[in-house]
Amino acid sequence: MPDLLLELFSEEIPARMQGKAALDLKKLITDGLVEAGLTYKSAGSFSTPRRLTLAIEGLTAESPDVTEERKGPRADAPEKALEGFLRSTGLTKDQLEIRDEKKGQTYFARITKPGRKAEDILADVIPATIRNFPWPKSMRWGAGSLRWVRPLHSILCILTDEAGHAVVPFDVDGIAAGDTTEGHRFMAPGRFGVTSFDDYAAKLKAAKVVLSAEERAKAIWHDATNMAFAAGLEVVDDRGLLSEVAGLVEWPVVLMGEIGADFLELPPEVLQTSMKEHQKFFSVRNPKTGRIERFITVANRETVDNGATILAGNNKVLSARLADAKFFWENDLRIAKSDMQTWTRSLENVTFHNKLGTQAARIDRIAALARDLAPVVGADADQSETAARIAKADLSSEMVYEFPELQGLMGRYYAEAAGYPAEVAAAAEEHYSPLGPSDDVPTAPISIAVSLADKLDTLTGFWAIDEKPTGSKDPFALRRAALGVIRLVLTNNLRFNLDRFVDAQLVRHKISLNGEEETGLLVLLKEIADHGVFGAALETVRDKLTEKGNELAERVPDVSVDLLRFAHDRLKVHLRDEGIRHDVIDACLAMPGNDDLALLVKRAEALAGFLGSDDGENLLQGYKRAANILAQAEAKDGVEYRYGADVKFAETDEEKTLFTALDTAATQVAPALEADDFGAAMTAMAALRAPIDAFFEAVQVNAENEVIRRNRLNLLHDITAICAKIADLGKIEG
């Protein structure tokens, strides 16, 4: 069984494309071989800046013969039908077989396709893969038609077995497959032949090429951390940068340089970001001070001066970059210390969204909502509003213009420099969090208030203009915003009704969108939004606006129901990841107050635990049995049995015991639910299991005596009613 070695040698492949390209090469080739009937023991793919390599071990030498049976026309069919069948099979009439079928005798053909040699299959599969390779971006060069990420120079393709190696003969756009490759561009130029994968990997290493990206990354990290440790420093961990740098070099040479003294006082994040984005340098930190004092760069070659010239060039370029960063930092600091509101006012000229107004208008809305939210998250209202008003000021700073990824972080530095309290300054950085499912969640009250206000304003704004996510499309990251709200609420165990604040912000958006004058009833409407007083008050305003023919009545937010449903969908996904079944969540969502997300989750967790016990499972079955019998009786009789059962009509001990158990449970469940102690409520419910089981074992509900029957049906309603106080158990599956 031969082994395959394939190398596609080209100009430098962008680092971000190499890993996926290696996997794509492996999948496309192996899928093509398997489809053609070949099997193999193992396959591995590799990438360097100049080559994609595939090694397949234990490839079958040829595909097996394949026999196909095909049914033809009946034996008495017209001659032309038989002639057509013979043409399609390539057989003669005497090679056909006649069999008895239900509809008469019928011709059958057995067609045997001989297997093909592996090299012949490879000569078809590999060129097709190269011509149709799924590069994110590709180019043509010269006069050829081939498209590749960068000009393709050569193809190495050999099959190796005990007898030796042989080139797989094929040609792609004038590039013929061979058995030679090249080493390092500068340190080992020139071509050399290879006979197997082991020979190829060894000769590449000798020619200053490390084939494995993982091996290059490990070598870089090992040398970098050792260098830093020897100087009493540490390398700032950045796995993304490590992967990228490993894709920029074939022979990594790690060098450490110093940062000029003029730049050491810059915030470490500024130094780190500038060096990473512009130079692909690793930051080296002093663990005692937290300052970034040196950098690690990775060269692609060894030099006689041990990298001194390379470091000198890097230092020159880095100094120019850091001089710009220092200028931005110092200029921004001057503005921050004099008046941060200068930046906020400039946001009046920055559009957030063409339908939702400017960034400055958005800040006003967020500040108002942050003040509303402050009491429920335990924050000071004045400080929450102040934090919201400065949180996005750094968007106008020169540093954030140059490095957008530093937004928020620079806001904290500037707020501190401006003399704001530490908790207000921290909100400038933390209000963007959490950005994803693994991001840290703010826990400081002011940061929570501003973060919630920011995300709720985003959600309500895009709901107000009907720009909701559709399918997989979510251009404004609204799913992420909703998950952020959920994580803020759950992580901090915040107890409040979300709907109130959603309605308030929707009203603010609608008034802003429609440009209504703030007179009369509209002033009252805005007061309702500002104070979160909804329900009857809101309905009254709607009615009066309708009487006066004001179109705003039709636009007062009722889309909050849809937005809350969207939030519930994200919550269901979040809780499913936590191991809570979807039907348990649905049962809790059906209960009143489902906009109190912390309470909702507390109920769902308690219910999931209860249903996971024997008592819970059996009680669920008793509930379903009672509900089904009750529903059938009500449908048959055309009346509702929901007017209270009376123990005086109980005939059996089991009935009387169930009456007593229901009364006892009711006295225990009500105060437990009042205290939001769902565990205690469900413990009380568990005591109903035995009496309900005994009732159904001993009692015939549909008794001949109509009075007894009605009483027992009403008793079934009492069972379902007390269970319904916990959750809508009808939504539980099974």
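Strands β5 and β6 (residues 104-113) pair in the antiparallel sense over 5 bridges. Two strands count as paired if DSSP finds at least two bridges between them. Helices (H or I, at least four residues) and strands (E, at least two) are DSSP runs, numbered from the N terminus. In this pairing, glutamate 97 stands opposite phenylalanine 108 in β6. The structure is a predicted model, in which local features need pLDDT of at least 70, side-chain atom pairs count only at pLDDT 80 or more, and totals for chains, interfaces and linings use all residues. Residues are numbered from 1 along each chain as its sequence is written, and side-chain values use heavy atoms, with hydrogens and water left out.

The two strands belong to an open sheet of 3 strands, ordered β4-β6-β5, with antiparallel pairing. β4 (66-74) and β5 (97-101) stand at the edges with a single partner strand each, so one side of each has no neighbour in the sheet. Neighbouring strands of this sheet are turned by 35° against each other on average, direction ignored. Helix α2 (residues 79-89) packs on the sheet and touches β4 and β6. The direction of α2 makes about 170° with that of β4. Axes are lines fitted to C-alpha atoms, for helices over the stretch in contact, and angles run from 0 to 180 degrees between N-to-C directions. Contact means heavy atoms within 4.5 Å.

A second open sheet holds 4 strands in the order β13-β15-β16-β14, and the pairing is antiparallel. Here β13 (234-235) and β14 (253-258) are the edge strands, each with a single partner, so one side of each is left without a neighbour in the sheet. β13 pairs with β15 (residues 282-285) in the antiparallel sense over 2 bridges. Valine 235 stands opposite valine 284 in β15. Helix α8 (residues 308-339) lies across β14 and β16 (292-299) and runs at about 125° to β16.

A hairpin is formed by β7 and β8, with 2 residues between them. Strands β7 (residues 152-161) and β8 (residues 164-167) pair in the antiparallel sense over 4 bridges. The bridge partner of aspartate 161 is glycine 164 in β8.

Several helix pairs were examined next. The axes of α11 (residues 381-390) and α14 come within 9 Å and cross at roughly 40°. That makes α11 oblique to α14. Angles under 35 degrees count as roughly parallel, over 145 as roughly antiparallel, 65 to 115 as roughly perpendicular and the rest as oblique. The crossing of α11 and α14 is right-handed. A crossing is right-handed if the near helix is turned clockwise from the far one by less than a right angle, and left-handed if anticlockwise. Gln383, Thr386, Ala387 and Ile390 of α11 make the contact with Glu423, Val424 and Ala427 of α14. By class, this contact of α11 with α14 has 4 nonpolar, 2 polar and 1 charged residues. Ala, Val, Leu, Ile, Met, Phe, Trp, Tyr, Cys and Pro count as nonpolar, Asp, Glu, Lys and Arg as charged, and the others, Gly among them, as polar.

Helices α21 (residues 560-577) and α22 (residues 582-589) have axes that come within 10 Å and cross at roughly 140°. That makes α21 oblique to α22. Their crossing is right-handed. His568, Lys572, Leu575 and Arg576 in α21 meet His582, Ile585, Asp586 and Leu589 in α22. The residues of this contact divide into 3 nonpolar, 2 polar and 3 charged.

Helices α25 (residues 653-674) and α26 (residues 678-686) pack at an angle of about 170°, with their axes 8 Å apart. That makes α25 roughly antiparallel to α26. From α25, the contact involves Ala665, Gln668, Val669, Ala672 and Leu673; from α26, it involves Phe678, Ala680, Ala681, Ala684 and Met685. This contact of α25 with α26 has 9 nonpolar, 1 polar and no charged residues.

Two backbone features lie in loops. Most residues other than glycine have a negative phi, and most peptide bonds are trans. Lysine 208, in the loop between α4 (197-206) and α5, has a positive phi near 65°. The peptide bond from serine 433 to proline 434 is cis, with omega near -5°. Proline 434 is in the loop between α14 (422-430) and α15 (445-464).

The chain averages a pLDDT (the predictor's confidence in each residue, from 0 to 100) of 89, and 94% of the residues score at least 70.
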